[in-house]
Every structure is written in C-alpha cells, then in structure tokens.
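Here's a quick briefing on a protein chain, written for someone who likes numbers. Have a look at the sequence and the model first, then read on.

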Amino acid sequence: MNTDPIADALTRIRNANTVKHSNVEIPASKLKVELVKLLKEEGYVENYEIVEKGNFKVIDVTLKYVGTTPVITGLKRVSTPGLRTYSKSKNLPKVMDGLGIAVISTSKGLMTDRAARAEKLGGEILCYVW
C-alpha cells in the first residue's frame, strides 16, 4: 500500500526524466490524471494516455525533451499526508519567480498558482514544478 500516491507519481516522472526515458507509466487515479493533464497544458509533458493493464489502469506519460535536455528540471512535493500545507490566494507561492508552477488543489479542482490567484482561490499546495 502506498501512503502518498502523488509523491510516488512525481518520483516516477523525476526518475524517468533523469535516465532520459521517453515514457513512464503511473498507476491511474482521478487526482493523478488531473495532475498529468495540468502538466500537459503547461507544456511540461508531451502527451498522456490512460491504458488498461490487466485489471487496473495506468497513465502512460510521454515526457518532453528539448534536444536531450528534459523540460522538467525539478519536481518537489510540498504538502504531504503527515504535514498538509495550505495557502490563501494572496499568499500563494511563486516558483522560481514565475518561471515554474505550483500545483494547487482548490475547491474547483487542480490548477496552477497563476490560475488560482486569478480566480482568488486558495487551497492545498501539492507540488512545485520547474
């Protein structure tokens, strides 16, 4: 049993990026699908696809590279099951002065820090991506 599935998904992406794999498979859940969808919209991953493997589903993520350099240079889990981190819309963090994104879980679903600031929504800070 995995106690932190978001950290597991981020670690899988980070590890695949480090060894320059083109694809990585992540066990699927609604939250992880939304996270990967957000990463695709922001241009951090090339594509993703939900695939049935036996009795369960996995997300097949195609990683994005510029030449041989990965687009994702850093992933950091912020809020963990043992220490939840919340922020109001006015206090949302800027990752690398706006060059990266913070993924925020709001009442309207997952969104970037910029989108949450624009809609004046706070929430749980899931991770930083740069």
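How much accessible surface does the protein chain have, and what share of it belongs to carbon and sulfur atoms? The total comes to about 7500 Å², and 52% of that belongs to carbon and sulfur atoms. Keep in mind that this is a predicted model.

**Overall build**
- The protein chain has three helices and 10 strands.
- Reading from the N terminus, the order is α-β-α-β-β-β-β-β-β-β-β-α-β.
- The radius of gyration is 15 Å, close to the 14 Å that the globule rule gives for 130 residues, so the chain is as compact as a globular protein of that length.
- Along the principal axes, the C-alpha atoms fill a box of roughly 40 × 35 × 25 Å.

**Burial and contacts**
- Buried residues account for 42% of the 130 in the protein chain.
- Take the contacts between residues at least 6 apart in sequence: 59% of them join residues at least 24 apart.

**Cores**
- The largest nonpolar core holds 25 residues, and Ile13, Val61, Val103 and Val129 touch the most other members.
- Helix 1 (5-18), helix 2 (30-41) and strands 1 (23-27), 3 (56-63), 8 (101-106) and 10 (123-129) each put at least two residues into this core.
- A second, separate core has 10 residues, including Val78, Ala102, Ile125 and Tyr128.
- Beyond its neighbours within four places in sequence, Val129 is in contact with several residues, among them Leu39, Tyr44, Ile72, Val95 and Val103.

**Charges**
- There are 20 positive and 14 negative side chains, and the centres of the two sets sit 6 Å apart.

Methods: Residues numbered from 1 in each chain as written. Predicted model: local features only at pLDDT ≥ 70, side-chain atom pairs only at ≥ 80, totals over all residues. Heavy atoms only, no water. Core = buried A, V, L, I, M, F, W, Y, C linked by side-chain atoms within 4.5 Å. Buried < 20%, exposed > 50% of the residue type's maximum accessible area, 1.4 Å probe, protein only. Helix = DSSP H or I, 4+ residues; strand = E, 2+ residues; numbered from the N terminus. Contact = heavy atoms within 4.5 Å. Rg over C-alpha atoms; globule rule 2.2 N^0.38 Å. Areas by Shrake-Rupley, 256 points an atom, 1.4 Å probe, with all protein chains shown as cover. Lys, Arg positive; Asp, Glu negative; His and termini not counted. Charge placed at Lys NZ, Arg CZ, Asp CG, Glu CD.
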